[in-house]
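Take a first walk through this protein model with me.

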Amino acid sequence: MPTPVRHLVIGGGIIGLTVAERLCREHPGADVTVVEKESTWATHQTGRNSGVIHSGLYYPPGSLKAAFCRAGAASLTAFAREEGITHEICGKLVVATRADELPGLDRLHQRGLAHGLAVTRLTRDEARAHEPHVNALAALHVPETGIIDYPAVCAALVRRLERAGATLLLDTEVLGLGSGAGRGGVVGARGAGGIVVRTSRGDLRADLVVSCPGLQADLVARRLGHRPSARIVPFRGEYFELRPEATHLVRHLVYPVPDPDFPFLGVHLTRDTDGHVHAGPNAVLALAREGYDWRTVRWPDLRETLTHPGFWRLVARHHRAGAAEVARSLSRHRFGASLRRLVPELRDDDLVPAAAGVRAQALRADGSLVDDFLIERAGSVVHVLNAPSPAATSAFEIARHIVHLLDESA
């Protein structure tokens with residue numbers, strides 16, 4: 001009987017866990033190990049997002065985001081039904097509040113139709129039928145959008161992995177390649193003994209490795225001898241939560257028309273599966289890869305950002321928008337003003353600070369943000385180098401794609 005292929009998955013967020021679950025499902029009896037440097041699963045991006053099941057509305061046709069998001073939403077909701085995870089396909093509104101936003105709304109409408117979404121353009125009164133307190137010249141209704149508890153999804157994945165016999169190692173940080181690891185012409189090539197990965201809990205041998213550590217993606221790639229084509233720059237997204245007395249102002253999800261010149265979606269309002277309403281996120285440079293407030297500074301992380309030529313090209317291109325984001329971060333009134341464009345009845349004292357998240361955004365040397373998922377294979381190692389939103393929605397399809405890549409290299 002052949003010896004099972006040894007698979008090592010680095011990263012215990014939703015991408016790593018879905019990859020491991022897919023390996024166990026497609027290769028029963030596979031030798032699968034998952035390592036995570038934190039003491040709990042889904043600690044960072046997965047556990048700190050807004051819990052939205054995205055429809056794929058925003059993403060260019062032909063991109064991985066567009067393909068994986070549509071299929072991933074279906075896979076995710078099927079998994080949630082199987083596991084009894086609370087979720088709801090509640091729909092959302094994308095709201096134009098100014099005349100100059102109407103062309104952008106029309107472009108989104110056409111893109112949604114091109115993706116096969118049941119997106120509908122609404123008048124002011126029709127928008128208010130969905131969200132009575134919204135301010136809209138016009139809006140798009142996107143019924144395929146939903147909400148889910150992503151940490152609960154990860155907990156269910158961990159239970160499946162335990163039943164399948166996978167080895168799950170928390171508090172285990174990847175430090176580099178161990179002695180005997182192949183460093184030849186193809187980084188990640190495996191010899192008779194496989195790849196040796198050095199961790200804080202000793203060496204691990206594997207035949208195939210998937211590295212998807214999110215905020216540490218480029219750092220771990222370099223530790224494994226790969227030269228990634230982009231570098232992670234961390235952007236903190238700060239959130240508020242509406243006081244219970246104000247949650248009636250938002251029924252489901254309300255988004256602005258995104259600024260085509262700024263690479264983020266803008267602050268929005270989202271109701272979660274527990275009935276709380278979150279407002280955010282903005283987008284400011286984090287001073288550490290895991291810097292969830294202005295006080296957290298990690299100089300090695302900040303030095304990597306400030307010495308990256310692409311960062312300064314990005315600043316030159318978006319300095320006005322970036323300054324506005326910082327001002328909003330430092331002023332609840334400014335944050336509230338951006339929300340009142342969408343829901344005029346919201347007051348500053350309706351906003352209670354909530355947990356922030358940090359987005360791992362890949363940035364190229366020319367200053368361009370990597371707009372799609374970025375997955376690079378080096379020999380027997382697959383590196384997931386850029387997986388921001390909608391990666392959680394797309395996770396099961398990203399996992400399918402990665403396992404296909406592994407099977408090709410096996």
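A disulfide is a pair of cysteine sulfur atoms within 2.5 Å. It is a covalent bond between the sulfur atoms of two cysteines. This is a predicted model, in which local features need pLDDT of at least 70, side-chain atom pairs count only at pLDDT 80 or more, and totals for chains, interfaces and linings use all residues. Residues are numbered from 1 along each chain as its sequence is written, and side-chain values use heavy atoms, with hydrogens and water left out.

How many disulfides does the rule give? The count is zero. Look at Cys 90. The closest cysteine sulfur belongs to Cys 69 and is 14 Å away, too far for a bond. Cys 212 is in no disulfide either: the nearest cysteine sulfur, that of Cys 154, is 11 Å away. Here we need another term. Buried means under 20% relative accessible area, exposed means over 50%, and partly exposed lies in between (1.4 Å probe, protein chains only). Cys 90 has 13% relative accessibility, so it counts as buried. Cys 212 is buried too, at 8%.

Now find helix 3, residues 102-114. Helices (H or I, at least four residues) and strands (E, at least two) are DSSP runs, numbered from the N terminus. The expected span of a helix is 1.5 Å times one less than its number of residues. For the 13 residues of helix 3 that gives 18 Å, and its end C-alpha atoms are 18 Å apart, which agrees.

Which residues of helix 3 are buried? They are Gly 104, Leu 105, Leu 108, His 109 and Gly 112. Seen down the axis of helix 3, they fall within an arc of 145°, so they line one face. The arc is that of the directions from the helix axis to the C-beta atoms. Why can one face be built this way? An α-helix has 3.6 residues a turn, so residues three or four places apart point the same way. The face turned away from the buried side of helix 3 carries the exposed residues Arg 107, Gln 110 and Ala 114. Strand 5 (92-96), strand 6 (120-123) and strand 7 (138-142) are among what covers the buried residues. Just after helix 3, Gly 116 takes a positive phi of about 80°.

Next comes the core. A nonpolar core is a set of buried Ala, Val, Leu, Ile, Met, Phe, Trp, Tyr and Cys residues joined through side-chain atoms within 4.5 Å. The largest one has 46 residues, and Ile 14 and Ile 402 touch the most other members. Helix 10 (391-409) is one of the elements that supply at least two residues. Its share, ten residues, is the largest. Contact means heavy atoms within 4.5 Å. Leaving aside neighbours within four places in sequence, Ile 402 is in contact with Val 19, Val 210, Ile 375, Val 382 and Val 384.

Finish with strand 11, residues 195-199. Four of its five residues are buried, so strand 11 is largely enclosed by the rest of the structure. Two strands pair if DSSP finds at least two bridges between them. Strand 10 (residues 174-177) runs antiparallel to strand 11, joined by three bridges. Leu 177 has Val 197 as its bridge partner. Strand 12 (residues 202-206) also pairs with strand 11 in the antiparallel sense, over five bridges. There, Arg 198 stands opposite Asp 203. A hairpin of two residues joins strand 11 to strand 12.
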